[in-house]
Amino acid sequence: MPVVEIENLTKDFLVGFWRKRPARALDGLSLQVRRGEIFGFLGPNGAGKSTTIKLLMHLLRPTSGQARILGAPVDSVAMHGKIGYLPENPYFYDYLTPEELLRYVGRLFGCRRPELGRKVDALLETVGLAEARSTQLRKFSKGMVQRIGIAQALVNDPEVVFLDEPMSGLDPLGRMEVRRIIASLKARGVTVFFSSHILPDVEALCDRVAILNRGRLQEVGALEEILKVRIEGHEILLSGAIADAAGAIGVLCDEVRAMGDRLRVRAGSQAQMEAVLSKVFDLGLELISVNPIRPSLEDYFFQEVRAGARPPAAGFPGGKGVAS
Amino acid sequence: MNSVLVIAQNTFRENVRDKVLYNLILFALILIISSLLIGQLSLGNEVRIILDLGLASISVFGMLIAVFLGIGLVYKELDKRTVYALLAKPVHRHAFILGKYLGLLLTLLVNVAIMTAGLALALLYHGGASWGALVRLVPAVFMIFLSLAMVTALALLFSTFSTPALSALFTFLLWVAGHFGKDLLRFGEIAQSAVLRWISVGAYYVLPNFSVFTIADSRYITRDATYPLAADPLLVGGAALYCVLYCAVVLSLAVLVFLRRDFK
C-alpha cells in the first residue's frame with residue numbers, strides 16, 4: 001500500500017481586492033509515494049510544492065481532489081501522530097530553548113517523562129544542538145533554526161516525514177548534515193517526502209522524484225528514468241608539464257582547457273578517451289581523474305521547465321513568485 | 001484534552017516571558033500604592049479612595065493586559081507561522097483556540113492575584129479597613145476577573161481574522177460599549193420607532209454586558225448603607241454563569257473562523 005496517495009489534487013486561491021478571481025496553484029496532481037523511499041519533490045519557486053505539502057498537512061483545504069497518508073484522510077488527527085513535518089523557512093517560539101520546544105512538541109504527541117527526556121537528548125545530539133540546548137531560539141542562526149525544525153519533526157518517531165525545503169538557509173556543512181540525517185531516516189525504514197530546488201541534494205538522496213511546474217506534474221519516476229542516463233563522454237584531469245602537452249592532447253579530443261596547473265580534457269567518445277589516456281604517460285603527465293559526463297538533473301530541469309512554460313498566469317498568494 | 005492543557009501551559013510561559021506584562025503590573029502596583037497618598041487628601045474617606053483607585057487599577061490594567069496579550073494570541077502564531085508546525089501535529093484546531101484562551105486566562109488570574117495582593121497590603125498598611133472588607137474584596141475582584149475573561153475571549157475572536165491594531169480597537173470599543181448595556185435597553189424602551197427598539201434590544205443581547213459585574217465597588221466592600229447591592233452569592237453565581245455562556249459563544253465563533261481558515 002502506498003504511504004502517500006494524492007488523487008487529482010487541485011487548489012485555487014482567490015486573488016484580487018475587489019473582484020476576487022481564482023488563481024490555480026495546484027492543478028490535478030496525482031502521485032503515490034511508496035513505503036521506505038526518499039521521494040523528492042522538485043520545482044521552481046511558485047510551482048506548488050509548498051501548497052501540496054500544506055494540503056497534505058491539512059493546513060490548506062483542497063478545491064477538489066483528495067489525498068491520503070498512511071491510508072487515512074489528511075484531516076485525521078490520529079494520522080498526524082504518525083507523521084513529521086518541517087515547514088518551509090520554519091519559525092518556532094523564540095522564547096523557548098531547543099530543549100523546551102522539543103519537550104513541548106513531544107507532549108503534544110503524548111510522550112511522557114522519562115522517555116521524553118531521553119528522546120529529546122538523542123534528538124539534540126542528532127541535529128548537533130546539544131551544546132545550545134539552553135539557549136533561547138531568538139539567538140539562533142537560520143541554520144540552527146532549520147536543525148531544530150528537523151528535530152521537532154522527528155520527536156514522535158514518525159513513519160513518514162515531510163520536509164519542505166530542508167536544505168534552505170544551510171551552509172555546505174549543514175547541508176551535508178541534513179543529507180546524513182535523511183539517509184539515516186531511510187535506513188530506519190522511514191519514508192521521506194521532501195521538496196527542494198537544490199538539485200545535487202536531490203540527486204544524492206532520492207529514490208524517485210516528481211517534477212512540478214506551475215502547479216502541474218511534469219514527470220514522476222526514478223531519477224535514472226527521468227534523466228534517461230546516457231554518458232556523453234568523459235572528463236579527464238591531468239597534471240604535470242601541461243604547457244607542452246596541451247597541443248598534443250588537443251588534436252585527440254573535443255576540448256582542452258588549462259586550469260591552473262591542471263589540464264581539463266573533454267573526450268566526446270570512447271575512442272577519444274582511449275587515445276588521450278594512451279598518450280598521457282608518453283607525455284610525462286600525471287592522471288588525476290577520469291569521470292563520465294552525464295546530464296545533471298539541473299540540465300534536465302531547465303530544459304523541462306522551459307519546455308513546459310506557459311504564458312504567465314496571475315500570481316497566487318500560496319507561491320513565492322511566478323517562475324520565468 | 002491533553003493538547004489543550006499543553007498549549008495552555010506554553011501560552012502561559014510565553015506570557016510570563018513577555019516584558020510588557022511586567023511593565024503593566026508594575027505600573028498598576030505603583031498606582032495602588034500611590035492611592036495611600038491620594039487617600040490622605042480626602043477627609044475620612046481614605047479606605048474608599050484606596051479601594052476605588054485600587055479596584056479601578058486592577059480592572060483597567062487587567063483589561064490592558066487582556067487586550068494586548070489577547071489580540072496577539074492567534075495573530076502572532078499566524079504572522080510568525082509558528083502555527084504551521086503546531087497544527088500538523090495531532091492537535092485539533094478547537095484545542096488550539098481553547099488552549100491559547102486558557103493560557104491567557106491563567107496569566108490574568110496570576111496578574112489579578114498579584115494586583116489584589118498589592119491592594120490588600122495597601123489596605124493593611126493603612127489599617128482603616130476591617131477584616132470583613134478584606135474578605136469582601138475577593139468576590140469583587142472575582143467579578144473583575146470574570147469581565148476580563150470576556151474581554152480576552154473577544155480579543156481572541158478578533159485576533160483570528162484581524163490585525164492586532166484593529167483587534168485592539170474593536171475589543172476596546174466593545175469594552176466601553178459593554179458598560180452601557182442597561183442604558184441601551186432603557187433607550188429601546190423609550191424609543192418611538194419599533195425598528196430602533198429592536199436594534200437597541202438586539203444590541204443589548206449581542207454586546208457584552210459588563211454592568212452585571214458592578215459589585216466591584218468600594219461601597220459594597222465597606223458595606224456602605226446607601227449601596228443597594230448586598231453580598232448576594234446568587235449575583236456572583238449569575239454573573240459567572242453569564243460570563244461562561246458568553247465566552248462559550250464567542251470562543252465557538254473564534255473556532256468556526258479558525259476552522260475555515262487556510263494557512264497560506
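Please keep in mind that the model is predicted. Chain A holds 11 helices and 14 strands, and its C-alpha trace spans about 70 × 50 × 40 Å along the principal axes.

**Chain A overall**

- Of the 324 residues in chain A, 41% are buried.
- Among the contacts in chain A with a separation of 6 or more, 70% link residues 24 or more positions apart.

**The four-stranded sheet of chain A**

- Here 4 strands make an open, antiparallel sheet, and their order is E2-E1-E4-E5 (chain A).
- Strand E2 (21-33) and strand E5 (72-73) of chain A each have a single partner strand, so one side of each has no neighbour in the sheet.
- Strand E1 (residues 4-15) of chain A runs antiparallel to E2(A), and 9 bridges join the pair.

- Another open sheet has 6 strands in the order E6-E7-E8-E3-E9-E10 (chain A), and its pairing is mixed.
- At its edges are strand E6 (83-86) and strand E10 (216-222) of chain A, each pairing on one side only.
- On average, neighbouring strands in this sheet are turned by 15 degrees against each other, direction ignored.
- Strand E7 (residues 160-164) and strand E8 (residues 191-196) of chain A run parallel and are joined by 5 bridges; in E8(A), A:Thr191 stands opposite A:Val160.
- Helix H5 (residues 142-153) of chain A lies across E6 and E7 of chain A, at about 165 degrees to E6(A).
- Helix H6 (residues 172-187) of chain A lies across strand E3 (38-42), E7 and E8 of chain A, and runs at about 150 degrees to E8(A).

**Where chain B meets chain A**

- The contact draws on 26 residues from chain A and 20 residues from chain B.
- On the side of chain B that touches chain A, the elements giving two or more residues are helix H1 (2-16) and helix H4 (82-87) of chain B.
- H1(B) supplies the largest share of that side, with 5 residues.
- By residue type, the side of chain B that touches chain A comprises 8 nonpolar, 5 polar and 7 charged residues.

Notes
Residues are numbered from 1 along each chain as its sequence is written. Chains are lettered from A and ligands numbered from 1 in the order in which they are written. This is a predicted model: local features need pLDDT of at least 70, side-chain atom pairs count only at pLDDT 80 or more; totals for chains, interfaces and linings use all residues. Two residues are in contact if their C-beta atoms, placed from the backbone, lie within 7 Å. Ala, Val, Leu, Ile, Met, Phe, Trp, Tyr, Cys and Pro count as nonpolar, Asp, Glu, Lys and Arg as charged, and the others, Gly among them, as polar. Two strands pair if DSSP finds at least two bridges between them. A residue is buried if 20 or more other C-beta atoms lie within 10 Å of its own, exposed if 12 or fewer, and partly exposed in between; C-beta atoms are placed from the backbone. Axes are lines fitted to C-alpha atoms, for helices over the stretch in contact, and angles run from 0 to 180 degrees between N-to-C directions.
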